[in-house]
Amino acid sequence: MKPDIKICGLKTPEAVDRALKRGATHIGFIFFEKSPRYIEPDLAAKLAEPARGKAKIVAVVVDPTNDELDEIVSLLKPDILQLHGSESPEHVLTIKALYGLPVMKVFSVRTADDLKRVEAYIGIADRFLFDAKAPKGSELPGGNGISFDWSLLGWIDESIDYMLSGGLNKNNVADALASTKARGIDVSSGVETEPGVKSVALIDEFFDAVEKADAPVMAPGS
Ligand SMILES: O=C(O)c1ccccc1NCC(=O)[C@H](O)[C@H](O)COP(=O)(O)O
């Protein structure tokens with residue numbers, strides 16, 4: 001089955017256009033002010049316009065207040081809220097009830113302990129995203145361009161819908177898909193020339209790598 005592909009941290013019409021042309025199923029906008037990928041909600045709304053009905057528009061927030069969410073939801077009209085902080089199951093339920101939107105809850109992973117709380121969110125979060133935990137000293141909860149040990153996800157049942165992220169790029173995405181049961185992948189730094197600067201060439205190369213990974217292996221002579 002073709003994986004969902006989310007290109008995250010978009011800030012230009014060129015990058016949005018290329019992601020859509022190549023078949024991104026999700027595009028993400030970052031509403032975390034310390035990020036080099038931060039974008040004002042009104043600008044994100046303009047950039048997202050060509051994606052409506054073609055790809056899911058994802059608003060990435062970190063321990064958001066209701067005021068922040070009110071502004072983002074009313075301007076951007078996202079399809080999904082990506083909660084990338086330490087939102088409790090109760091907070092996730094409150095957000096879902098307030099905004100009526102599906103939630104993708106992020107777990108930041110370095111060790112097995114980081115996955116202990118997943119069960120508490122089953123039936124509450126609509127989808128999970130397993131991302132690498134920020135390295136010491138980083139101010140960013142995501143978008144750090146580093147991977148984690150995917151074998152830590154081995155116990156996660158196939159019935160659990162999750163995306164995988166953290167340091168994915170054209171060189172490791174095939175391996176990531178083969179080694180996990182991720183139904184989707186999410187990339188940011190791997191399609192950038194520097195933090196916050198997306199490259200249409202790297203977006204192309206990333207999609208090429210996913211398509212190659214997905215292509216059936218032909219028997220010799222067939
Ligand atoms: O990308 C950011 O700057 C960011 C900042 C704060 C919270 C989340 C952030 N990114 C969320 C994403 O979904 C990224 O795509 C994900 O962390 C993977 O990033 P990367 O390892 O750079 O591919």
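Which residues in H2 meet which residues in H3? The first view below gives the answer, and each view comes from a predicted model.

**View 1. Helix H2 against helix H3.** From H2, the residues that meet H3 are Pro 41, Asp 42, Ala 44, Ala 45 and Ala 48. Their counterparts in H3 are Glu 71, Ile 72, Leu 75 and Leu 76. By type, the residues of this contact between H2 and H3 comprise seven nonpolar and two charged, with no polar ones. H2 spans residues 41-48 and H3 spans residues 66-76; their axes come within 8 Å and cross at roughly 30°. Because angles under 35 degrees count as roughly parallel, H2 is roughly parallel to H3. The crossing of these two helices, H2 and H3, is right-handed.

**View 2. Helix H3 against helix H4.** H3 also packs with H4, which covers residues 89-99. The angle between H3 and H4 is about 40°, and their axes are 12 Å apart. That makes H3 oblique to H4. H3 passes H4 in a crossing that is right-handed. On the H3 side the contact is made by Asn 66, Leu 69, Asp 70 and Val 73, and on the H4 side by Ile 95, Leu 98 and Tyr 99. The residues of the contact of H3 with H4 divide into five nonpolar, one polar and one charged.

**View 3. Helix H1 against helix H6.** H1 (residues 13-21) packs with H6 (residues 200-214) at an angle of about 15°, and the two axes are 9 Å apart. H1 and H6 are therefore roughly parallel to each other. Where H1 passes H6, the crossing is right-handed. H1 contributes Glu 14, Ala 15, Arg 18 and Ala 19 to the contact, while H6 contributes Val 200, Ile 203, Asp 204 and Phe 207. Sorted by type, the residues of the contact of H1 with H6 are five nonpolar, no polar and three charged.

**View 4. Surroundings of the ligand.** The ligand is surrounded by 24 residues. The closest of them are Ser 35, Arg 37, Asp 131, Asp 186 and Ser 189.

View 5. Asp 186 has an N or O atom in its side chain that is 2.7 Å from an oxygen atom of the ligand. For Ser 188, a backbone N or O atom lies 2.9 Å from an oxygen atom of the ligand. At Gly 145, a polar backbone atom is 3.0 Å from an oxygen atom of the ligand.

Conventions: Residues are numbered from 1 along each chain as its sequence is written. This is a predicted model: local features need pLDDT of at least 70, side-chain atom pairs count only at pLDDT 80 or more; totals for chains, interfaces and linings use all residues. Side-chain values use heavy atoms; hydrogens and water are left out. Axes are lines fitted to C-alpha atoms, for helices over the stretch in contact, and angles run from 0 to 180 degrees between N-to-C directions. Helices (H or I, at least four residues) and strands (E, at least two) are DSSP runs, numbered from the N terminus. Angles under 35 degrees count as roughly parallel, over 145 as roughly antiparallel, 65 to 115 as roughly perpendicular and the rest as oblique. A crossing is left-handed if the near helix is turned anticlockwise from the far one by less than a right angle, and right-handed if clockwise. Contact means heavy atoms within 4.5 Å. Ala, Val, Leu, Ile, Met, Phe, Trp, Tyr, Cys and Pro count as nonpolar, Asp, Glu, Lys and Arg as charged, and the others, Gly among them, as polar. A residue is near a molecule or strand if one of its heavy atoms lies within 4 Å of it. A polar contact is a pair of N or O atoms within 3.5 Å; within protein, one must be able to donate a hydrogen and the other to accept it, and residues adjacent in sequence count only if both atoms are side-chain atoms.
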